[in-house]
Number of protein chains: 2
Amino acid sequence: MLLFFLFSSWNPFSGGGGESAGRRSQFPPKSLTSKKFSHSAQTSATPRHPIDPLTVGEIHRVRSILSSYEPFLGQFPAIQSMTIDEPDKSRVLGWQSGDPLPPRKAFVIGLLDNQSHLVTIDLESGRVETHEISSGSGYPMLTMEDVAAAVDAAVSYPGLEVSAAARGLSVANLSCISPSPGWFGPEEEGKRLLKVLCYSKQGTPNFYMRPLEGLVMTVDVDRREVIKFSDTGRGIPIPGGANTDYRFHPGPISMEQPQGPSFTVTDGHLVEWANWEFHLKADQRAGFIVSRVVVRDSETGDRRSVMYKGFPSELFVPYMDVDEAWYFKSYMDAGEFGMGATAMPLVPLNDCPRNAHYMDGVFVSADGRPFIQPNMICLFERYAGDSAWRHTELTVSAQLREARAKVTLVARMASSVGNYDYTIDWEFQTDGLIKITVALSGMLMVKATVHDNMNQIENQEETGPMVSENVIGVVHDHFITFHLDMDVDGPNNTFVKVNLVKEENLEGKTPRKSYLKPVRHVAKTEEDARVKLSLYNPSEFHVVNPSRRSRLGNPSGYKVVPEANAASLLDHSDPPQLRSAFTNNQIWVTPYNRSEQWAGGLLTYQSHGDDTLDVWSHRNREIEDKDVVLWYTLGFHHVPCQEDFPIMPTVAASFQLKPVNFFDRNPILRAHPVFEKDLPVCRPSESASAM
Amino acid sequence: MLLFFLFSSWNPFSGGGGESAGRRSQFPPKSLTSKKFSHSAQTSATPRHPIDPLTVGEIHRVRSILSSYEPFLGQFPAIQSMTIDEPDKSRVLGWQSGDPLPPRKAFVIGLLDNQSHLVTIDLESGRVETHEISSGSGYPMLTMEDVAAAVDAAVSYPGLEVSAAARGLSVANLSCISPSPGWFGPEEEGKRLLKVLCYSKQGTPNFYMRPLEGLVMTVDVDRREVIKFSDTGRGIPIPGGANTDYRFHPGPISMEQPQGPSFTVTDGHLVEWANWEFHLKADQRAGFIVSRVVVRDSETGDRRSVMYKGFPSELFVPYMDVDEAWYFKSYMDAGEFGMGATAMPLVPLNDCPRNAHYMDGVFVSADGRPFIQPNMICLFERYAGDSAWRHTELTVSAQLREARAKVTLVARMASSVGNYDYTIDWEFQTDGLIKITVALSGMLMVKATVHDNMNQIENQEETGPMVSENVIGVVHDHFITFHLDMDVDGPNNTFVKVNLVKEENLEGKTPRKSYLKPVRHVAKTEEDARVKLSLYNPSEFHVVNPSRRSRLGNPSGYKVVPEANAASLLDHSDPPQLRSAFTNNQIWVTPYNRSEQWAGGLLTYQSHGDDTLDVWSHRNREIEDKDVVLWYTLGFHHVPCQEDFPIMPTVAASFQLKPVNFFDRNPILRAHPVFEKDLPVCRPSESASAM
């Protein structure tokens, strides 16, 4: 969103005039100073494809052409942009590997006397083909040089020294950044502007945390002059630098773990990993249940409760066909068949990676005897190549580059409830986040038809698309309702909607007209806590412990973060919807009641819908500062397609439970980066080598 | 959603009476037949935690208690469920490791004479503590035995043989499944019912693709009797079995790749991997651009076009504070600063995994000279431990278990636009899906305050939560608008909204009242293609080639699949929103126009909003069967929290481009499973060994 430069003096463009290219590993870019420019193939002198970007040599060529271009003889424009001017699309589309390249052209945006020059150049002929001066509003993006000069002007402004001194600092203690000003009316026209804001860099490389509040300088970029200086924040302290350092001080992971995984399973069920601890067990109905989820506070070492119990409570899978053979298809898989009962052994290396730990379910037959569902749960550490946090920063004196590899713990099961496969993951992150994912695969429930081509089908008479000859993939929904007994720092919690409400800027001291304001709304009763998600009335959904305040006075909390979702749109009076009325909202909160575990009722099979979450909720009990259960429903609409035939590629959706003012700060600030020396040493298997 | 059993005769419960447990690796579960029951720790005889599930020994004990329980002496109930009856929550919460376990109790649901018995038992005393007979509606989930018996009854029904014969089959050729009936009114009360549906298993293990359409048997589970037989589909062919087999016939992957990655980069830019090929280049403004995306058809080997060009066209990051020093903060990062210009070298092993390939950007300084942004893009194969598809199936004769590990290719860059870091991924899947992810990390833009505790702050006077002493994390949004020049099987494409419309079942031949119907709506002009996403008016969004039909007559297409998103709610007349009016909708489609690349206008800096996507779109040009560009905006609302201090844990959101009737069938049906012998052989590094 903004570029920054330390303001300290530096010597721009000190390089020579040779035909090489600098590497942007220091600032400013030392153009032409180094001989070793050909870093890798794509920087080579020879473009290979019509849309290849300009090479080093080509850029030199363009500049040379522009230098001898008549209108620029007196004054060379500031180059705001220079890119390959791609051939017409038809040329590119018609081009085949081995064909000669179409003429290489460059598109240049230059700025001269506050005017934007748009120039296209043919590299071979050296001709300027088009040259236009923009007459509309707007300027090209600023160059690094523009920004540096503007910042220079700002930090030399005498008022800054005064403002710094008023805060006990000198200008040398500051880092200043240079965000863009936007556009807010005629006053600001005809000039290229920058805003410059300053921070204290004392005691931290993370100066962003230490603003000189209220201080803002408006700089005329071309005149390199501060045209407005405002400092309304002298009474506001600069936030301290303690605990803001995000740099490294030194662990290993790959999906290969020759020393084995780093979680432990004690006594068959108690899982401990990183800062997490929870109890995990197979359940014939729910599949598996995660209980007593606690996380260790990275600051205090305290074990803190997050959740008492979580599991998929019920599913609802209505098909969208009212024929005799189809109308009833409106399954409630957990209560009707059991997500654990239908879970088969997982397939090692394909359902779960190497080094996964497998757990069995001990279930019961109709005769009351036990049977074992072997290997129905797997537990593994995941590393997908992503970072848990990162930041890079380019300063005059140094380049900061800090990133931390993201490793998580996944508990997984897969139920094959007939044709459909539901893989359910609970993924625990070291930053305190829990991500719950439902992945669908397996087979469609298909309907046969007399037709074998769509052209035989009149006006959408079928209840889904044709996915193979004579096969209709009937449209259907999937809903999975999770029971999430949140116990954030203890059983008594409160559900708070943080609504993002649009406000007008009525005082109008600035030309900004509107903004969003977070407004907290505490849910007193169950009715207050029934949520239909909306993109246009956005809210966050917090479960907080009103008795447990952070150091700063924020209530300790977790929020449920919806991601992709779908709502059930059936008639509320339609029997399937009546029975699965727990899908009428995406979120519900109920007071804890040990009999209220199964959203579709304890006895679901052929139930009438008289014992659902919806019925319970309509008692409208008090829920503030009580032991509460959060219910979240994840939905999918599925309009099948040919690619789903004969077996569906996996489709997944997730939601998150995320700490919100639960920790006093980022709990993984001290995470170690990965170094090459820590990674395992691997060789191909015999089998792979022989290939 | 449904359980199935092959109907062929089998001999249930043939096991003896010993004290062991079978493994659910064959059907039916052979209870008590095997001595090696103690598969792993969690099946052990000794529970370790208050909420541990019942052990094998405990289940035997419960059954023994029930057997001598007076009300069940005459007739033993069918056990529909038997689970640990967890101690009261307070007990569990108060329990510490090492404490004695609270009394172990079981909760049993038994069915006897069509009545559900709910029984709790104390294992130590052997006493039945509570015993209730349910008086409400609904039955417990069916047992496997219930289902098997009902299916047995159905397949013995004489009418089935007739229906099979009418289709040229014998009953022995069928696989029958047994979905639940739902509940649709008084007619179906007082009986436990199952629906039984049959499929031809001839020539395929994937019988789900071969339904005997229109055939449905309603079975009274307790009487084991077909009470309704309906076959209205004799004129409807059974779909063929060709290409439905999803089993394996025999590659290796882990994040460790001792033989190196399996993609190639030719001539610096042309990436080839699996069935994908595309051109990848760094761009000073967009960061990187993916062009000429083609996928090889797994059936024909044809190289087929998917997209001409895709890239992040513009960003919009408005802060929600109208103070003098804040009101203008409404950044447009691509056009104002450049996503490539601000991309620093990626951090190996932490930003990207081992074996990643790095690419440089060649950019231009203001003096027109080139400079190199080294290692700004990485390209790597990802394996996160997930499956690309799976299915398991339990039959009398065999257990099918098929899963395929999911491996993808990721192209990544990370821009540090001042404080914020944007990591942008393009992930290519072998099933034809492209997933585009934006991940946010880095630093908040914070505002200082006089306060150091929330209790000093009156009525939400601040514009965001306090995230550290004297630090306010100002609420803000992020929007990233992608330019997606889709060329599905060629340039001329049509945008089709497939609306899921709620319909009433007006004919009323069945008691189902409502259903969803997909209704296609072709967008004729730009106005038709402006989309505001809604959970309550759901649609799919297809870009199809109307001239290219599949074997079945469906138009070849790709759909854009939104996931988590957020909408901009600022006043349309607010200057920032006027300039970033490209965020007024989540989806737009425009006719291809080479000058319309940058959603905020080519010249963005201080622009007035007169050259945005919104302005272009309002010309309302024709877009049917034209070369079109799809624009998708991904949004985030960010209400900061303490955990974001001093550096934010990564937050990510995605959307997908997914083939829809583009391939004739699942293109990864023939994917190979992973075997242990193919995986690399690894040992810990010296460094790790020494730890």
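I looked up how strand 23 of chain A pairs with strand 24 (residues 471–473) of chain A, and found an antiparallel pairing over two bridges. The model I am reading is a predicted one. Within this stretch I checked Met466(A), which stands opposite Ile472(A) in strand 24 of chain A.

I then traced the whole sheet. It is open and has three strands of chain A in the order 22-24-23, with antiparallel pairing. Which strands stand at the edges? I noted strand 22 (446–448) and strand 23 (466–468) of chain A there; each has a single partner strand, so one side of each is left without a neighbour in the sheet. From one strand to the next, I read an average twist of 45 degrees. For my own reference, strands of a sheet pair through backbone hydrogen bonds, either parallel or antiparallel.

I turned to the UniProt record, an unreviewed entry, whose "active site" annotation covers Asp333(A) and Tyr420(A). The two span 88 residues in sequence, yet no two of their C-alpha atoms are more than 10.4 Å apart, so I logged them as gathered at one spot. I placed Asp333(A) in helix 5 (residues 333–336) of chain A. Tyr420(A) I found in strand 20 (residues 420–429) of chain A. Are they buried or exposed? Asp333(A) has 0% relative accessibility and therefore counts as buried, since the cut-off is under 20%.

**Nonpolar cores.** Next I listed the largest nonpolar core, which holds 125 residues. Which members touch the most other members? I wrote down Trp426(A), Leu484(A) and Leu657(A). Strand 31 (residues 626–638) of chain A gives the most to this core, and I put its contribution at seven residues. I also recorded a second, separate core of 105 residues. Its members include Leu669(A) from chain A, and Phe278(B), Ile434(B) and Phe645(B) from chain B.

**The two chains.** Last, I compared the copies. Chain A can be laid on chain B with an RMSD of 0.1 Å, using a turn of 180 degrees and a shift of 0.0 Å along the axis. I therefore noted the two copies as related as by a two-fold rotation axis. I also looked at the contact residues: 99% of those of chain A recur in chain B, and the same surface serves both copies.

Terms used: Residues numbered from 1 in each chain as written. Chains lettered and ligands numbered in written order. Predicted model: local features only at pLDDT ≥ 70, side-chain atom pairs only at ≥ 80, totals over all residues. Heavy atoms only, no water. UniProt positions renumbered as here; feature names shortened; annotations may be inferred. Helix = DSSP H or I, 4+ residues; strand = E, 2+ residues; numbered from the N terminus. Buried < 20%, exposed > 50% of the residue type's maximum accessible area, 1.4 Å probe, protein only. Core = buried A, V, L, I, M, F, W, Y, C linked by side-chain atoms within 4.5 Å. Pairing = 2+ DSSP bridges. Axes fitted to C-alpha atoms, helices over the stretch in contact; angles between N-to-C directions. Least-squares fit on C-alpha atoms with pLDDT ≥ 70 in both. Contact = heavy atoms within 4.5 Å.
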